[in-house]
Amino acid sequence: MKIALFAAVPEEVGNLADITNFMGIGRENATRSTLEFIEKHRNEQFCILNLGTVGSHDKPVGTIMKISEIISAGAPFNSERMMLNHLPLQQPDLATGVLYSSDCFVSPEVFTQQYLDSIKSKVDCFDMESSAVFTIAKVYGIPFISYKIVSDNLDVTIDIWHQRVVELSKKLEAFARDMFQQLEKDEPIEFLHD
């Protein structure tokens with residue numbers, strides 16, 4: 001199994017940095033880096049596995065989530081749902097969630113409380129890259145899988161996120177290493193990294 005591991009920044013994945021491809025923060029950076037990577041590896045069969053952080057209005061900080069669907073900012077204009085692939089693993093205790101992907105860090109400093117309240121009923125968590133990566137992967141026929149760790153409850157600035165992310169990356173790294181061990185029981189994993 002070939003896996004292209006993606007994250008926004010090195011701080012999100014701890015000691016997995018040496019096998020991870022970094023996109024940068026935001027959908028524009030994610031678009032550019034994902035396209036460049038796929039063009040370099042267009043003759044290979046692989047899946048994209050995205051690890052990173054999300055804000056959540058109802059999940060505690062440190063909760064790891066398997067993303068099942070993405071709603072993109074501007075979703076009323078999308079013609080189809082963004083449903084994610086999943087790895088062949090048994091993960092009964094893992095939270096599953098719908099992710100809202102925006103160009104902005106989701107907090108009361110950026111969005112009005114009225115707007116936040118209107119989208120909270122539809123989604124479980126928020127990030128800034130996933131909709132772009134999903135869209136590109138879908139166009140190229142590449143499976144896209146995503147696991148995220150909750151870094152905040154939409155109540156912090158991006159500066160506080162930077163302070164938390166390093167500590168949270170240890171838990172996300174341990175989760176990922178366990179997942180890789182489970183997968184390797186069935187077939188070897190090769191990480192595609194540029």
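The lining of the largest cavity draws at least two residues from each of β3 (47–55), β7 (125–127), β8 (144–152) and α4 (158–184), with β3 giving the most, three residues; helices (H or I, at least four residues) and strands (E, at least two) are DSSP runs numbered from the N terminus. This is a predicted model, in which local features need pLDDT of at least 70 and side-chain atom pairs count only at pLDDT 80 or more, while totals for chains, interfaces and linings use all residues. Residues are numbered from 1 along each chain as its sequence is written, and side-chain values use heavy atoms, without hydrogens and water.

A search of the whole structure finds one cavity of 30 Å³ or more, where a cavity is a set of points on a 1 Å grid over the protein atoms alone at which a 1.4 Å probe fits but cannot get out, and lining residues have an atom within 4 Å of a point. The largest cavity holds about 200 Å³ of space, and among its 18 lining residues T53, F105, D127, M128 and W161 lie nearest the centre.

Six aromatic pairs occur in the structure, rings of Phe, Tyr and Trp (its six-membered ring) being paired if their centres lie within 6.5 Å. The centres of the F180 and F191 rings are 4.9 Å apart and the planes stand at 65°, so this pair is edge-to-face (over 60 degrees). It links distant parts of the chain, F180 in helix α4 and F191 in strand β9 (residues 190–191).

Burial is given as relative accessible area (buried under 20%, exposed over 50%, partly exposed in between; 1.4 Å probe, protein chains only).

| Residue | Relative accessibility | Class |
|---|---|---|
| F180 | 6% | buried |
| F191 | 23% | partly exposed |

Technical notes:
1 Å grid on protein atoms, 1.4 Å probe; cavity = no way out; pocket = protein on both sides within 12 Å on 5 of 7 lines; lining within 4 Å. Points joined across faces, edges and corners; volume = space filled by probe spheres on them. Phe/Tyr/Trp six-rings, centres within 6.5 Å; stacked < 30°, edge-to-face > 60°.
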